[in-house]
Amino acid sequence: MIHTTIMGYNQLLLAPMDVKLIEPISRKLNNLGRAYLSLLAKQVESLGISRYYYALTYICHHDGKLTQKALASELGKDKSIIVTIIDTLSEQGFVYREINPADRREHLLRVTEKAKKAVPKITEAFETLNKSITEHISDEEMKIFNTVLTKMGTNIKPLTAPETNNETKP
């Protein structure tokens, strides 16, 4: 119904919509992730690394034994994203590629001395932040939180697979 009076028009505009507001689960996770990474970046800015902190620690942990393909699998990232990560970390002087002597088609990921000095500081920053943001959260609550996140990851995985996505089908 269209109201012809200004009073009726204003009432129509101010009337609540019949649409239920639902907050996506990802909103809180994204906000937490952005805040965490912002704090982390401030703590490690003197190291000369701008992002991909965990990837660097992972590469360092497996120094010389990890291929780009294996890193993609372990981190659950697309191979093209891994190339960007490695290129960025390489440009920043933290990693380099080395031809795999066992298979010349593959590259092993190696860390530089700069990375070997930076990774313990990054790990310490992870520990400090993790401790700060889990203050007043019991071990049992953290177990439940991790269990729930793992289950959600398991539940969402088949929904994101290319064979279930209609947009990728010819």
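Let's start with Ile59. Ile59 is buried, at a relative accessible area of 0%. Buried here means under 20% relative accessible area, exposed means over 50%, and partly exposed is in between, with a 1.4 Å probe and protein chains only.

A word on the model before going on. This is a predicted model, where local features need pLDDT of at least 70, side-chain atom pairs count only at pLDDT 80 or more, and totals for chains, interfaces and linings use all residues. Residues are numbered from 1 along each chain as its sequence is written, and side-chain values use heavy atoms, with hydrogens and water left out.

Back to Ile59. It sits in helix H3. Helices (H or I, at least four residues) and strands (E, at least two) are DSSP runs, numbered from the N terminus. What does Ile59 touch, not counting residues up to four places away in sequence? The list is Leu66, Leu71, Ile86, Leu89, Val95, Leu109 and Val111. Contact means heavy atoms within 4.5 Å.

Next, helix H6. H6 runs over residues 113-133, which makes 21 residues. From first C-alpha to last it reaches 31 Å, close to the 30 Å expected at 1.5 Å a residue. That expected span is 1.5 Å times one less than the number of residues. Where is the kink in H6? At Val119, shortly before the proline Pro120, and the angle is about 25 degrees. The bend at a residue is the angle between axes fitted to the seven residues ending there and the seven starting there.

Now the buried side of the list. In H6, Ala115, Ala118, Val119, Ile122, Ala125, Phe126 and Leu129 are buried. An α-helix has 3.6 residues a turn, so residues three or four places apart point the same way. What covers the buried residues of H6? The cover includes helix H2 (25-44), helix H3 (53-61) and strand S2 (103-111).

On to charges. Side chains of opposite charge can pair when their charged atoms come close. The structure holds 7 salt bridges. A salt bridge is a side-chain nitrogen of Lys or Arg within 4 Å of a carboxyl oxygen of Asp or Glu.

Take Arg110. Its side chain meets that of Asp63 in a salt bridge, at 3.2 Å, N to O. The pair links distant parts of the chain: Asp63 is in the loop between H3 and helix H4 (68-75), Arg110 is in strand S2, and they are 47 residues apart. Asp63 is buried at 17%, while Arg110 is partly exposed at 24%.

Arg110 also meets Glu98 in a salt bridge, at 3.6 Å, N to O. Glu98 lies in strand S1 (residues 95-100), 12 residues from Arg110. Glu98 is partly exposed, at 29% relative accessibility.

Another pair is Arg105 with Asp103, at 3.0 Å, N to O. Arg105 is exposed at 74%, whereas Asp103 is buried at 19%. Then there is a network of salt bridges linking Glu23, Arg27 and Lys28.

Last topic: backbone angles. Most residues other than glycine have a negative phi. Tyr52, in the loop between H2 and H3, has a positive phi near 60 degrees. His136 has a positive phi near 70 degrees. His136 lies in the loop between H6 and helix H7 (139-160). Is His136 buried or exposed? Exposed, at 76% relative accessibility.
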